[in-house]
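This note is meant for a colleague opening the structure for the first time. The points below may be read alongside the sequence and the model.

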Amino acid sequence: MRVEIGQEHRYAHCVRVARCAELLAACYGADTRKARLAGLLHDIARLYPPARLLEQCKRRGMAIGEAERASPVLLHAPLGAALAGERFGLADTEILSAIAKHTLADAHMSPLDCAVYLADSLEPGRSFAEREALWELAQHDMAAGMRATLQSTIGYLHRRGLPVAPQCLAAARAFGVEE
Ligand SMILES: [Fe+2]
Ligand SMILES: [Fe+2]
């Protein structure tokens, strides 16, 4: 796995996400072992260059929306889930779902999906002003943590004039983020 991930800091991030996801899963009554595994594997396609991401997703007949075409890096999440199945024989659909949804989230998020999404957004290696407050919130209230984290992400994209992917907007709507 070390070779696949390729970079020391990426490996450290995955270990932190695994620990945070495990902790949040325990708070949310989700499976902590599945959360840890999803956390460890979530970024296995993160270092693929854009052309390779597009090509690998196309080859598997995976959906490539406008947002993904503009930012192929977004595809590392669903492609990571496909690779976890193919390379590691992982067949657990709950874990694969959490990997696939860790970047953009989705209209339908299980507690395990939320644990991995929030762990990836809020692990201590992330350095943005609201991180600590959001992490505190996420440990006490899953829906409030999702709402506030999605709001923060969308705010960040808006401030930079970047588009918000439909999956992320659907998640925001599902968790009651004010538009
Ligand atoms: Fe990622
Ligand atoms: Fe990540």
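Which residues have the most contacts inside the largest nonpolar core?

1. The model is predicted, so local features need pLDDT of at least 70, side-chain atom pairs count only at pLDDT 80 or more, and totals for chains, interfaces and linings use all residues. Residues are numbered from 1 along each chain as its sequence is written, while chains are lettered from A and ligands numbered from 1 in the order in which they are written.

2. Ala 21 and Ala 115 have the most contacts inside the largest nonpolar core, which has 54 residues. Such a core is a set of buried Ala, Val, Leu, Ile, Met, Phe, Trp, Tyr and Cys residues joined through C-beta atoms within 7 Å. A residue is buried if 20 or more other C-beta atoms lie within 10 Å of its own, exposed if 12 or fewer, and partly exposed in between, with C-beta atoms placed from the backbone.

3. Ala 115 is in contact (C-beta atoms, placed from the backbone, within 7 Å) with Ala 21, Leu 24, Ala 25, Tyr 28, Ala 30 and Ala 35, leaving aside neighbours within four places in sequence.

4. Helix α2 covers residues 8-28; helices are DSSP runs (H or I, at least four residues), numbered from the N terminus. Its 21 residues reach 30 Å from first C-alpha to last, close to the 30 Å expected, where the expected span is 1.5 Å times one less than the number of residues. Among the buried residues of α2 are Ala 21, Leu 24, Ala 25 and Tyr 28. Gly 29, with a positive phi near 70°, follows α2.

5. Thr 32 belongs to helix α3 (residues 32-41). Because Thr 32 has 18 C-beta neighbours inside 10 Å, it counts as partly exposed. Not counting residues up to four places away in sequence, Thr 32 touches Glu 22, Ala 25 and Ala 26.

6. The axes of α3 and α7 come within 9 Å and cross at roughly 40°; axes are lines fitted to C-alpha atoms over the stretch in contact, and angles run from 0 to 180 degrees between N-to-C directions. Lys 34, Leu 37, Ala 38 and Leu 41 of α3 make the contact with Glu 94, Ile 95, Ala 98 and Ile 99 of α7.

7. Ala 105 has a positive phi of about 60° although it is not a glycine. This residue, Ala 105, lies in the loop between α7 (93-100) and α8 (111-122). Ala 105 is buried, with 27 other C-beta atoms within 10 Å.

Definitions and conventions: Helices (H or I, at least four residues) and strands (E, at least two) are DSSP runs, numbered from the N terminus. Two residues are in contact if their C-beta atoms, placed from the backbone, lie within 7 Å.
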